[in-house]
Amino acid sequence: ATAVGGIPETLRDGDNGLLVPPRDEQALARALARLLGDVALRDRLAERARATIEQQYSTEVVCGKLSAIYRELAGTS
């Protein structure tokens, strides 16, 4: 992914994904080559990316956040 927009809020370079500068084909090629050549890195990034999404965007988490917003708007929080 590129390091612009909302992506850096979810993906952390080297932790749960690889970020490259926008429009930098060489950096993208290096990141892809790194992933192709390193099974352990792919597995680690995939595991951590899944955990990040489950922790931040699971149905329970999102519904809980929305519920809190609705309660606040209704003045019942």
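Visitor: Is Arg 23 buried or exposed?

Guide: Arg 23 is exposed, with a relative accessible area of 77% (exposed is over 50%, buried under 20%, partly exposed in between; 1.4 Å probe, protein chains only). The model is predicted, so local features need pLDDT of at least 70 and side-chain atom pairs pLDDT 80 or more, while totals for chains, interfaces and linings use all residues. Numbering starts from 1 along each chain as its sequence is written, and side-chain values use heavy atoms, without hydrogens or water.

Visitor: Where is Arg 23 found?

Guide: Arg 23 sits in the loop between helix 1 (7–10) and helix 2; helices are DSSP runs of H or I, at least four residues, numbered from the N terminus. Although Arg 23 is not a glycine, its phi is positive, about 60°.

Visitor: Which residues make up the largest nonpolar core?

Guide: Six residues form this core: Leu 18, Val 20, Ala 27, Ala 31, Leu 41 and Leu 45. A core joins buried Ala, Val, Leu, Ile, Met, Phe, Trp, Tyr and Cys through side-chain atoms within 4.5 Å.

Visitor: Changing topic, which helix gives the largest share of the nonpolar patch?

Guide: Helix 4 does, with five residues. Leu 66, which lies in helix 4, is one of the patch residues.

Visitor: How exposed is Leu 66?

Guide: Leu 66 is partly exposed, at a relative accessible area of 37%.

Definitions and conventions:
Patches are made of residues with over 30% relative accessible area and no salt bridge: like charges are joined within 9 Å, nonpolar side chains (Val, Leu, Ile, Met, Phe, Trp, Tyr) within 5 Å. Accessible areas come from the Shrake-Rupley method with a 1.4 Å probe; for residues, only the protein chains shown count as cover. A salt bridge is a side-chain nitrogen of Lys or Arg within 4 Å of a carboxyl oxygen of Asp or Glu. Helices (H or I, at least four residues) and strands (E, at least two) are DSSP runs, numbered from the N terminus.
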